[in-house]
Amino acid sequence: MANRPKPDVAPDITELGLEPYVLDIELQGYAVVPPEVTGVTDAEIDRLTQLLLDKSEELVGCRFSVADGPECELDYGNYGGTLELFSQAKPSQFQLMQLCTFDRAFRDLAVNPVATALTRHMIGSAARFSSHNCFVKWAGDGYGESLGLHCDQMGVPLPWGRVALNANCTWCLTEYTHANGAFACVPGSHLRSRPPTMPGAVKEAIPVECPRGSLIAFHGQLWHGAYPRTTPGLRVTIANYFRHASIQPQDDIPNHFPRALADDCSDPDLFKELAGFGNPYQSQVLPVPKAVRAAS
Ligand SMILES: O=C(O)CCC(=O)C(=O)O
Ligand SMILES: [Fe+2]
């Protein structure tokens, strides 16, 4: 039909067949994208997981396995956690940070075409990296009764508009079930333009259950958290966190990320753009006029 209106999405959304996920993001505030669509293979998920388990062992000092969890009891001392503080829950996870400095596999994931197309749908062409983190979680209190419900955009003052100022690409390296400690969210809450109201939000929350390798892409205004893990073993997650260029990054990637590493990935140009390297005004970027003196 000659006059059929064009859908209001970028060409890469159409080319990658992502319209159903865009619709989910628009209506529910999140989309669960299966590995067949993201193109991330089973072997790649295995390798990412093993790298993270090895790094965990290096930092914590005991072995970790997806099936059995940490080999030892873990002691956090007086550390109370982050989202755990909402309910005074005892932390049963830790985060590994700056993943893109560890190995090329994490940089390739950071520029995954499906994840970045969905992120740009939410934030626009001003999308930039904020931080790249891993969550390693075992059986325990999780975030407690509050489920740690929050919005990733909560640092931005109200009123919030419809453009996401943060977006999150959560890669589930292990299967997500309610009992395994799945992501929790209130579908459609990104349309309420405000942070969660407690404790009512907990009753509205649902577990997002999905197979290993899935991507959960979600809007910075979605009310979300996670359920405690009640089964043995580990939930291993990569959270690639994006921001609008007007928002401060969690990790100062523009100034501190080693630039040579950015060239070593599947899409260096995209990595550098999302990293936000080369901000102007950090040197005398604009010329100054020259004084012209009359010859004496
Ligand atoms: O523990 C989780 O799954 C949620 C973590 C979270 O809030 C986030 O990645 O923004
Ligand atoms: Fe979050």
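Modeller: Start with contacts in this predicted model. Of those with a separation of 6 or more, 83% join residues 24 or more positions apart.

Biologist: What makes two residues a contact here?

Modeller: Their C-beta atoms must lie within 7 Å.

Biologist: How many helices and strands does the chain have?

Modeller: The chain has 10 helices and 11 strands.

Biologist: Why is the chain called as compact as a globular protein of that length?

Modeller: Its radius of gyration is 21 Å. The globule rule gives 19 Å for 296 residues.

Biologist: Why is Gln-88 called exposed?

Modeller: Gln-88 has 12, so it counts as exposed. Gln-88 sits in the loop between β3 (69-70) and β4 (93-96). Its phi is near 55°, a positive value in a residue other than glycine.

Biologist: And Tyr-281, buried or exposed?

Modeller: Exposed, because Tyr-281 has 7 C-beta neighbours inside 10 Å. Tyr-281 lies in the segment after α10 (268-275). Its phi is also positive, about 75°, although Tyr-281 is not a glycine.

Biologist: What share of the chain is buried?

Modeller: Buried residues make up 41% of the 296. Each has 20 or more other C-beta atoms within 10 Å of its own.

Biologist: What is omega for the cis bond from Leu-158 to Pro-159?

Modeller: Omega there is near 0°. Pro-159 is in the loop between β5 (127-137) and β6 (166-172). Another cis bond joins Met-198 and Pro-199, with omega about 5°.

Key
Residues are numbered from 1 along each chain as its sequence is written. Chains are lettered from A and ligands numbered from 1 in the order in which they are written. This is a predicted model: local features need pLDDT of at least 70, side-chain atom pairs count only at pLDDT 80 or more; totals for chains, interfaces and linings use all residues. Helices (H or I, at least four residues) and strands (E, at least two) are DSSP runs, numbered from the N terminus. The radius of gyration is taken over C-alpha atoms; the globule rule is 2.2 Å times the number of residues to the power 0.38.
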